[in-house]
Amino acid sequence: MLIIGIAGGSGSGKTTVVKAITESLNKKVAVISQDSYYKDSSHIPVEDRKQINFDHPDAIDWDLLCQQLSELKAGKTIQQPVYSYITCTRSKEDTVEIQPADVIIVEGILIFSVAKLRKLLDIKIFVDAEPDDRLMRIIYRDILERGRNMDTAFEHYCDTVKPMHLQFIEPSKRYADIIIPEGGHNKVAVDIIVNTVEKALK
């Protein structure tokens, strides 16, 4: 089993890279998303949930993520949480069953900022992209998927996404083994990663 961590700023193209690697590998791949491990906020009043900083490491249940990743590494099946960005709550009924695989991909903006998680990763990849490109993707996603309008999406970027990126995400780039510029559109980098993974598994 090989565990790959894929980090990078919001809107950098991590999902595209994960998809490209998954589709190119001739192996069984399981994907673990950091976003599934946001702490449950059902005990917080609805209006107050809008103030939660989802780009800060404290928003994530790292203990559960590391525990379940260790269980996968030990050959056990896990029940990954299901989290809703709309309600800011973790489902009490639904989970996603993840089985051990040849390759486990852990993806998320903050995964390199936590030492105990980094220790579980065999290969660390940072997906880089121009700030302007990320801004456009973030605003489009916030409007389409997270119930924001243009004004609130831009305000969220300026007040939260950008400062957290500079404080936590950009500095974590130094822990990467591989940095992919131009996000998921860098086919050469993806091909190199796929070849490296297949060679390591042999």
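## Overall layout

The protein chain has seven helices and seven strands. Helices (H or I, at least four residues) and strands (E, at least two) are DSSP runs, numbered from the N terminus. Reading from the N terminus, the order of elements is β-α-β-α-α-β-β-β-α-β-α-α-β-α.

This is a predicted model, in which local features need pLDDT of at least 70 and side-chain atom pairs count only at pLDDT 80 or more, while totals for chains, interfaces and linings use all residues. Residues are numbered from 1 along each chain as its sequence is written, and side-chain values use heavy atoms, with hydrogens and water left out.

## Size and surface

Along its principal axes, the C-alpha trace spans about 50 × 40 × 30 Å. A compact globule of 202 residues would have a radius of gyration near 17 Å, and the protein chain agrees, because its own value is 17 Å. The radius of gyration is taken over C-alpha atoms, and the globule rule is 2.2 Å times the number of residues to the power 0.38.

The accessible surface comes to about 10,500 Å², and 51% of that belongs to carbon and sulfur atoms. Such areas come from the Shrake-Rupley method with a 1.4 Å probe; for residues, only the protein chains shown count as cover. Of the 202 residues, 48% count as buried (buried means under 20% relative accessible area, exposed over 50%, partly exposed in between, with a 1.4 Å probe and protein chains only).

## Inside the fold

In soluble globular proteins, nonpolar side chains tend to be buried together. A nonpolar core is a set of buried Ala, Val, Leu, Ile, Met, Phe, Trp, Tyr and Cys residues joined through side-chain atoms within 4.5 Å. The largest core here has 35 residues, of which Ile32, Trp62, Leu69, Ile104, Val106 and Leu117 touch the most other members. At least two core residues each come from strand 1 (2–8), strand 2, helix 3, strand 3, strand 5 (103–107) and helix 6 (150–169). Helix 3 supplies the largest share, six residues.

A second, separate core holds 19 residues, including Ile6, Ile21, Leu25 and Ile125. Contact means heavy atoms within 4.5 Å. Leaving aside neighbours within four places in sequence, Trp62 is in contact with Gln34, Pro57, Leu110, Ile111, Val114, Lys116 and Leu117. Among contacts between residues at least 6 apart in sequence, 76% join residues at least 24 apart.

## Rings that meet

Rings of Phe, Tyr and Trp (its six-membered ring) pair if their centres lie within 6.5 Å; planes under 30 degrees apart count as stacked, over 60 as edge-to-face and the rest as tilted. By this rule there are three aromatic pairs. Tyr38 and Phe54 form an edge-to-face pair, because their ring centres are 5.0 Å apart and their planes lie at 85°. Tyr38 is in the loop between strand 2 and helix 2, and Phe54, 16 residues away, is in the loop between helix 2 and helix 3 (62–73).

Phe54 also pairs with Tyr83: the centres are 6.3 Å apart and the planes are at 70°, so this pair is edge-to-face. Tyr83 belongs to strand 3 (residues 78–84), 29 residues from Phe54. Both Phe54 and Tyr83 are buried, and Tyr38 is buried too. Ring pairs link Tyr38, Phe54 and Tyr83 into a cluster.

## A look at Ile44

Where is Ile44? Ile44 sits in the loop between strand 2 (29–33) and helix 2 (46–49). Ile44 counts as partly exposed because its relative accessibility is 25%. Not counting residues up to four places away in sequence, Ile44 touches Arg49 and Ile52.
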